[in-house]
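Me: Could you take a close look at one part of this model with me? I'd like to go through its salt bridges.

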Amino acid sequence: MANSKETKPFDFEASLARLEDIADQMEKNQFKMDELVSNYKEGIELLVRCRSFLTSSELLIKNAMNELGPVETDVDSLAD
């Protein structure tokens, strides 16, 4: 039997857009107090997940670069 509460993969772009939306609405005082607290909590949770995703991505990139070794970055030498 499949779990009725399946986890979706993390969508960084959607999470960042939602975080920006929450911040914009807070800056414009568009929340009632009870909405403010719940949206603040959601924003903190999104922030933590986004930071974790970025940290993991940075580590993956650093590991990939270490595995590849030095990479030529001089654009002029690549044209030869």
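Which residues are linked in a network of salt bridges?

Reply: Happy to! This is a predicted model, where local features need pLDDT of at least 70, side-chain atom pairs count only at pLDDT 80 or more, and totals for chains, interfaces and linings use all residues. Residues are numbered from 1 along each chain as its sequence is written, and side-chain values use heavy atoms, leaving out hydrogens and water.

The network links Arg 18, Asp 21 and Glu 42. A salt bridge here is a side-chain nitrogen of Lys or Arg within 4 Å of a carboxyl oxygen of Asp or Glu. Arg 18 pairs with Asp 21, their closest N and O atoms lying 2.9 Å apart. Both sit in helix H1 (residues 12–27), three residues apart, or about one turn of the helix; helices (H or I, at least four residues) are DSSP runs, numbered from the N terminus.

Arg 18 also meets the side chain of Glu 42, at 3.0 Å from N to O. That pair connects distant parts of the chain, with Arg 18 in helix H1 and Glu 42 in helix H2 (residues 33–68), 24 residues apart.

How open are these sites? Partly exposed means a relative accessible area between the buried limit (under 20%) and the exposed one (over 50%), with a 1.4 Å probe and protein chains only. Arg 18 is partly exposed at 26%, as are Glu 42 at 29% and Asp 21 at 32%.

The structure holds three salt bridges. Another of them joins Lys 62 to Glu 58, with 3.6 Å between the closest N and O atoms. These two are four residues apart in helix H2, about one helical turn.
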